[in-house]
Every structure is written in structure tokens, then in C-alpha cells.
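Open your viewer and get ready to select residues by number. Each stop says what to pick and what is there.

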Amino acid sequence: MRLNRTDDADVIVVGAGPAGATAAHYCAAAGLDVLLLEKSSFPRDKICGDGLTPRAVGEMVRMGVPIREEDGWIRNIGLRAVAGGRSFEFPWPELKAYPSYGLARSRMNLDQTLAEHARSTGAKLMERTNVTGPLLDERTGRVVGVRARPVDEAGRRAGDETTYRAPVVIAADGVSARMAIALGIEKSLKRPMGVAVRTYFTSPRHDDPWMESQLELWDGVPGRSNLLPGYGWIFALGDGTVNVGLGSVSSTAAATKIDYKSLFAQWMANTPEEWDFTPENQIGPVRGAALPMAFNRKPLYTRGMMLVGDSGGMVSPFNGEGIAYAMQAGRVAADTIAQARSRTTDAARERALATYPEIMSRELGGYYTLGRYFVKLIEHPQVMRICTRYGLPQPLIMKLVVKLLSDCYEPHGGDVVDRVIAGLTRVVPKA
């Protein structure tokens, strides 16, 4: 039930990626009227590795999204790390908290599946609706809706600007974070920032049951090849294609001078012939995107607007994975809004909404801080090389690495590795 009869919805969600679609689903499931605004039309692509860790699978299961093979998913059984000419395979751990398998599916299909799931729950999805900024109350400066205009398939203006009103707005508008910037919420230059490029190939590796990470990347300069910070990945999609990409991460948001597309081409030129990673088998161009990490944009809630997913910098510094955390944030944001709507005064509703950043910090802040320390180590390539050469062959170190990289550990109880990780996340400062 709307608090103001002039409102168009109880909640407006800007962006229908995993963060926005999840938030819209849970808000609608709680009985709220939801407008889900997406500037593109489905199906549409996003720059991503397309791999889902068990943590992300757990969020899919919680939402009730069908994840059977016949629904277009391929399962993976763990992470294969390649470094120093050796290959190490880490099965996903058996945990109470998450399934023991991951999934893969192209973002072209994943995002549409989640958006349609939100719509089936009751959210009103409006595609080709480009949100141009927040609508502010002239007296209080509070966000009371959004300004938007229709666009055509090419993103060109296709009609007059209009306004949509709601007492709460969820900004899930990705790394551009236009809604946050409009409120003066700038990214922290002291938080890690990643860059990733990727493309697709038809390849016999399309049904590989392992998600693969190449932990050593070389710049290919003849006579003085240098080890670079970052990693490569190969994720099988089970449909005849693989997602292949590479990423680099810095402990700050300072721009790097790495030519990622040239580095990617050099890597592809040196891959085994039987993989078929050739220009003839490439599907689409090599495309890149930034990866905002470790809550690099705060506050996550202010003046009636919440940041979820990339808009709030929720990519993991450990592995560049953001889907699981985007979906988690969408779920928490929706629950917070539903709780706030049950309050009987404006002050009580505002106190409830303000718990959103507190919950996200409690659940992920310590883990992201550990990730920031991790990035400061691996951005020195020689340190990374020593760690992979001497650390990965040690069984206990291997177990620690896979649980940290995938964020798959028992938060309460578990084995000694689980208890070490959980303990560290509690004692370090929250991100």
C-alpha cells in the first residue's frame, strides 16, 4: 500500500541487471508495487566472465530461479588454477551454507532470465526506459522518484522526459553510477579497481566441468617478457562456446597503462592450437569494463536511495566476481524496504532504511577488507609468482585459497580454515 497516492509505485528500481532484478523480485514478493526500469531491451549483453560461484548459485536457489541443464545452465565442479606451468584443481567445498557446484551462462541470457523472473513475481518491467537522474523533493532534497525518457533500440531519445515517483529508489545502474553521482556520492580513489576484457570463442572446451583461472600473464615483449598483475579465465558455457577474458586489479582507482586488448591478443596467440582460440572462431569483439570493488562508493543509503551491485562497488577484490554480491545486496535492500514499510511513522521508516548499509557492512565489510590486503600483495607480480609457485602445492594453502577466492566458507563453525577466515573477517576493520 502506497504511502502517497500520487506515487507511481512503492519502489523504483533503476537497472535490471542481477542486482536490480533480484531487488525487484524480493520487493514484489513482499507485496510492494515495483517499477523496474531498464535502459536497454532484452536480450542484451554485459561485460562479465559469465561464471557463477556456489555463493551466487545459493542466491539463485533462494530466488526460485530454475537452474536445470535444460534451462540453459552448465554446472562446474570447481576451480582450476594454472601457474608456473602447472595445473591445480580445487573442487568447490562441501558446505552447509552453499551448494557444492557453480554455474555458467552468458549474461545475454542470465540477465533476461532474472528480469523475467522478477516480472513473473509481480514487478512491472519497463524496457528502453533511460533514467536520466533522481527526482528530488524541493524542500528536503530527498529522492522521491526518477526522471526518465523512452529510447529506441540504439539508445536514442524516442519521446519526452517524464517522471516516476516512489518513496524509495534502488540504484542498480551499474558502474556508471549516474544516480549516485547525481547526489554527489563519488567513488573512493583508495579502494581497489579492476579492469576486465573478454570475448567468446567456439571451442571444444565448451563442456569443461572446471572454471579455469590463468594466474600468470606475460606482456610478450621479446627478450624481456614481464609478468603482469592480473589473471586470465576460461569459462565453459556448454553450448559450443567459451567465455575467455583477462583482468587486472589495482589497490587504488588510479588508471593503469596496460593495453588490455593487446595483452589479450598475445595470450590468445600462445594458447594451445587444440583450444581453437583463433580469430576465425571468435564470436564478437573483445570488450572491456571496469570492476568497482570493496564498497568503493558510499554511503550505500542516503535520502531515500539505496545503492546495490556495481553502483555501490560490490565486486570482490579476491576474484573480480560481482554477481553473487549484487544479488545479495538486492535481497537485503528489498528486505530492508519491506521492513521499513511496516513502520507507522516517517522517523521509524527512516531508521529501518538506514539499517541497509549496516547489514551489508556486517556481512561483507570484513571480507572486502581482507580482499584489499590481498590486492596490495598480488599487484606486485613477483609476489604473486612466489605465492603460486610455493603456496599452491601445499594442501592447506590450496584449501585456504579456494575458499577465499570463491568466498565459500562456513561463517559459523566448519573446519579450521573456515574458522580462520571467519575470525579474520570479524577482527579486521570493515570496508
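Which ring does the charged end of Arg205 sit over? Select Arg205 and Trp275 to find out: the charged end of Arg205 sits over the ring of Trp275, 4.4 Å from its centre. The rule here is that NZ of Lys or CZ of Arg lies within 6 Å of the ring centre and within 35 degrees of the ring normal.

Before moving on, note how to read this predicted model: local features need pLDDT of at least 70, side-chain atom pairs count only at pLDDT 80 or more, and totals for chains, interfaces and linings use all residues. Residues are numbered from 1 along each chain as its sequence is written, and side-chain values use heavy atoms, with hydrogens and water left out.

**Another charge over a ring**

Select Arg75 and Tyr101. The charged end of Arg75 sits over the Tyr101 ring, 3.9 Å from its centre.

Now show strands S3, S7 and S4. They form an open sheet in the order S3-S7-S4, with antiparallel pairing. A strand is a DSSP run of E with at least two residues, a helix a run of H or I with at least four, both numbered from the N terminus. Two strands pair if DSSP finds at least two bridges between them. Strands of a sheet pair through backbone hydrogen bonds, either parallel or antiparallel.

Colour the edges: S3 (51-52) and S4 (74-76) each pair on one side only. S3 and S7 (residues 102-104) are joined over two bridges. Pick Leu52; opposite stands Leu103 in S7.

**Aromatic pairs**

Next, show the rings of Phe, Tyr and Trp (for Trp, the six-membered ring). They pair if their centres lie within 6.5 Å; planes under 30 degrees apart count as stacked, over 60 as edge-to-face and the rest as tilted. By this rule there are eleven aromatic pairs.

Select Phe295 and Tyr368. Their centres are 4.8 Å apart and their planes are at 70°, so the pair is edge-to-face. Phe295 is in the loop between strand S19 (282-292) and strand S20 (301-302), and Tyr368 is in helix H8 (residues 355-378), so the pair ties together parts 73 residues apart in sequence.

Are these two buried or exposed? Phe295 is buried, at 2% relative accessible area. Tyr368 is buried too, at 0%. Buried means under 20%, exposed over 50%, partly exposed in between (1.4 Å probe, protein chains only).

Move to Phe318 and Tyr367. This pair is tilted: 4.9 Å centre to centre, 35° between the planes. Phe318 is buried at 7%, and Tyr367 at 2%.

**Last stop**

Select Phe295, Phe318, Tyr325, Tyr367, Tyr368 and Phe374 together. They form one aromatic cluster.
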